[in-house]
Amino acid sequence: MRRFFSVLLAVVEKDLRLEWRTKESLLVMVVFALLVLTLFSFAFGPGGGSGENARAVQAGILWISFLFACVIGLSRTMGVERESTGFSAMYASPADPSALYLGKVVSVAVLMGIMEFVGFAVLAVLYHADVWKSAGALALIAASATLGVAAAGTLFSAMSARTRTREVLLPVLMFPALVPVLIAAVKATEAHLGGGGWADSRDWIRLMLVYDVVFLVAASVVFEYILEE
Amino acid sequence: MLEAIGVSRRYGWRWALKDLNLSVSPGETLALLGKNGSGKTTLLKTLAGLLKPTQGAVRLSGQPISREAKGRIGLLSHEPMLYEGLTVRENLEYFARLFDVEREEMLTRVDLLAGTLEIEERLDEPVRVLSQGFRQRAAFMRTLLHTPEVVLLDEPFSGLDTNAVQRLESVIDLMRDLREYIVVFTTHDLSKAFEMAERIAVLAGGRLVYEEDVENSSEEDVSAAFDEYAGGSA
């Protein structure tokens, strides 16, 4: 177990150190999410529109912007592995592929978490959303959804990284698989932005957690075959 | 002992290796010669467990190349397998953790290898600013960091100046003095093969067409094998 976590942490440290030096992925992710949120705020007006659907629209825009930004970030993160033949180096080592995979998932989740923090702050300012009142619940929703997106995104971006059509292939593979997480994240976020309680979001959060566990376990098992040349 | 037993490897419709049998004993250095596309790199990657044979098997000490067995193998590939944004030292620390090398041990080995390869002053520089020669030395350090029993070197001297070649050779000599390593290296340099190896093998079209101990062979014999099977000189 010590060895498992040592490898996992080695991958996380390496990825975050590389990101800290270049800021290539995080910067692009944050800027992209900000652009989408800002553009839609102009389209729908301050407050993200009016009426019953305002909160649903806000939640939808928020998670769509996060998802698209994540695709850009994943492409860049996996680009580093491709350019450095990092996957081959991983596969040539005796390290547990599950630890390597989970290390990549954690790295991606950390970057997404930073981007989402900025995104929620922008939502509060541009859409007048009451984010702070439900900060705890929204943090839990974001964490559950982020884990699912990072789990699926890491798997599919690693699968597509060695293909010539990787930029096109990644969203084509990833988006359909993320439909359950996206719906659950939007619904749960909408409930809390609209002043709802745990009763309104509990089932959606459960759905995301089940998805996270299933995907993390399944992807950990198959990651070894993805590393193979 | 490292063995390839009836190994074939196919990429799509093309066979890169065809029914290849080879064995290398501990303490032995084998030079693999062959023209571009003859299957040398594919064979090294297959021996390293990076590629699975389409047919046949690779065995180390009689066992298939499992994940654990990869910890006993060091591969120097065409690609340096180093992260350009990290320093040489950070790269080595990362790979030491993947290969489960204790930190103290790793520091000792880094000092020893860096001194022998004359790269001490570049250890804290990012890989991206290093010249080809220093990248190759750094990659060589990564290959040997976990003191593998089997060292597979894919054209280790290509693109290097005389000093760099001498440094790499001195490390290989040092290794052989310390322990009974299995060393397999590919090269296009016939004289280098005769200088460093105990046995020479020639690949052509994915098949082993010549295999002989250096003491029973000559550069003329190997050149003749090239002329006969590979259609030209090494």
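Start by selecting chain B, which has seven helices and 10 strands. With a radius of gyration of 17 Å, close to the 17 Å that the globule rule gives for 234 residues, chain B is as compact as a globular protein of that length. Keep in mind as you go that this is a predicted model.

**Stop 1**

Color the chain by burial next: buried residues make up 48% of its 234 residues. If you draw the contacts with a separation of 6 or more, 71% of them in chain B join residues 24 or more positions apart.

**Stop 2: helix 2 of chain B**

Now select residues 88–98 of chain B, which form helix 2. How many of its 11 residues are buried? The count is 10, so to speak a mostly covered helix. Show the side chains of the buried ones: B:Val88, B:Glu90, B:Asn91, B:Leu92, B:Glu93, B:Tyr94, B:Phe95, B:Ala96, B:Arg97 and B:Leu98.

What covers them? Bring up both chains here, as the cover includes helix 1 (2–22) and helix 4 (86–91) of chain A, along with helix 3 (103–117) and helix 4 (132–144) of chain B. Before moving on, click B:Asp100, which follows helix 2 of chain B and has a positive phi, near 60°.

**Stop 3: where the two chains meet**

Display chain A beside chain B and select the residues in contact: 23 in chain A and 22 in chain B. On the chain A side, helix 1 and helix 4 of chain A are the elements that give two or more residues. Helix 1 of chain A supplies the largest share of that side, with nine residues. Color the chain A side by class and you will find 10 nonpolar, seven polar and six charged residues.

**Stop 4: helix 3 and helix 4 of chain B**

Two packed helices are described by the angle between their axes and the distance between the axes. For helix 3 and helix 4 of chain B, the angle is about 145° and the axes are 10 Å apart. Their crossing is right-handed.

To see the contact itself, show B:Val110, B:Leu113, B:Ala114 and B:Leu117 from helix 3 of chain B, which meet B:Arg137, B:Phe140, B:Met141 and B:Leu144 from helix 4 of chain B. Which classes do these residues fall into? Seven are nonpolar, none is polar and one is charged.

Definitions and conventions:
Residues numbered from 1 in each chain as written. Chains lettered and ligands numbered in written order. Predicted model: local features only at pLDDT ≥ 70, side-chain atom pairs only at ≥ 80, totals over all residues. Helix = DSSP H or I, 4+ residues; strand = E, 2+ residues; numbered from the N terminus. Rg over C-alpha atoms; globule rule 2.2 N^0.38 Å. Buried ≥ 20, exposed ≤ 12 C-beta atoms within 10 Å, placed from the backbone. Contact = placed C-beta atoms within 7 Å. Nonpolar A, V, L, I, M, F, W, Y, C, P; charged D, E, K, R; others polar. Axes fitted to C-alpha atoms, helices over the stretch in contact; angles between N-to-C directions. Left-handed = near helix turned anticlockwise from the far one by under 90°.
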